[in-house]
Amino acid sequence: GNHVSEKLRRDLEKLNFQRRASGDELSPEAQSLVRALLMIDPGDRLPLQHCLRHEWVTMLGGDDDNAFNFMKLSTDPSPDAVEVRVPLTVKPNPEQLQLIRCDLQQWMHKFKFFATIRQGDVIANLGDA
């Protein structure tokens, strides 16, 4: 009952990620996403669209295709979906790329749409027309 639920809630709050024997430690961004999904009350869990915009999904160092593959899982694309591609005029260095991704992260949070950098383009999915 309520006692079990409260104990589980306390256990989740104290959740400790241990280093995997077979690989790298789980990044703080990945831990943040896992914590946002491990909620007892489904209404408190991070919604799918927010998962797609989570820092771990969009961060530098990940495979640019991962975010798009993730997005494909969320829904079948609407024939009315608006996708905007803006080519980058110069190839950014890794530091500049990180700054652009941070700006995109803020944009996604503010406007609630998905955007990423892929093959020299900034790509934004603006939902249905």
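Reader: Is Asp 121 buried or exposed?
Author: In this predicted model, Asp 121 is buried, its relative accessible area being 18%. The cut-off for buried is under 20%, so a value of 18% qualifies.

Reader: Where does Asp 121 lie?
Author: Asp 121 belongs to strand S3, which spans residues 121-128.

Reader: And what does Asp 121 touch, leaving out residues up to four places away in sequence?
Author: With those left out, Asp 121 is in contact with Arg 85, Val 86, Pro 87, Leu 88 and Thr 116.

Reader: Which residue forms a salt bridge with Asp 121?
Author: Arg 85 does, and the closest N and O atoms of the two residues are 3.5 Å apart. This pair links distant parts of the chain, with Asp 121 in strand S3 and Arg 85 in strand S1 (residues 81-87), 36 residues apart.

Reader: How many salt bridges does the count come to?
Author: The count is two. Besides the pair with Asp 121, the side chains of Glu 83 and Arg 85 meet in a salt bridge, at 3.2 Å from N to O.

Reader: Changing topic, which residues make up the largest nonpolar core?
Author: The largest nonpolar core has nine residues: Leu 52, Leu 97, Leu 104, Met 108, Phe 114, Ala 115, Ile 117, Val 122 and Ala 124. Helix H6 (94-111), strand S2 (114-118) and strand S3 (121-128) are the elements that each give two or more residues to this core. In soluble globular proteins, nonpolar side chains tend to be buried together.

Reader: What about Met 108, what does that one touch?
Author: Not counting residues up to four places away in sequence, Met 108 touches Arg 53, Thr 58, Phe 113, Phe 114 and Ala 115. Phe 114 and Ala 115 are, like Met 108, members of the largest nonpolar core.

Reader: Over to helix H2, which of its residues are buried?
Author: Helix H2 covers residues 28-37, and its buried residues are Ala 30, Gln 31, Leu 33 and Ala 36. An α-helix has 3.6 residues a turn, so residues three or four places apart point the same way.

Reader: And what covers the buried residues of H2?
Author: The cover includes helix H3 (48-52) and helix H4 (55-58).

How values were computed:
Residues are numbered from 1 along each chain as its sequence is written. This is a predicted model: local features need pLDDT of at least 70, side-chain atom pairs count only at pLDDT 80 or more; totals for chains, interfaces and linings use all residues. Side-chain values use heavy atoms; hydrogens and water are left out. A nonpolar core is a set of buried Ala, Val, Leu, Ile, Met, Phe, Trp, Tyr and Cys residues joined through side-chain atoms within 4.5 Å. Buried means under 20% relative accessible area, exposed over 50%, partly exposed in between (1.4 Å probe, protein chains only). Helices (H or I, at least four residues) and strands (E, at least two) are DSSP runs, numbered from the N terminus. Contact means heavy atoms within 4.5 Å. A salt bridge is a side-chain nitrogen of Lys or Arg within 4 Å of a carboxyl oxygen of Asp or Glu.
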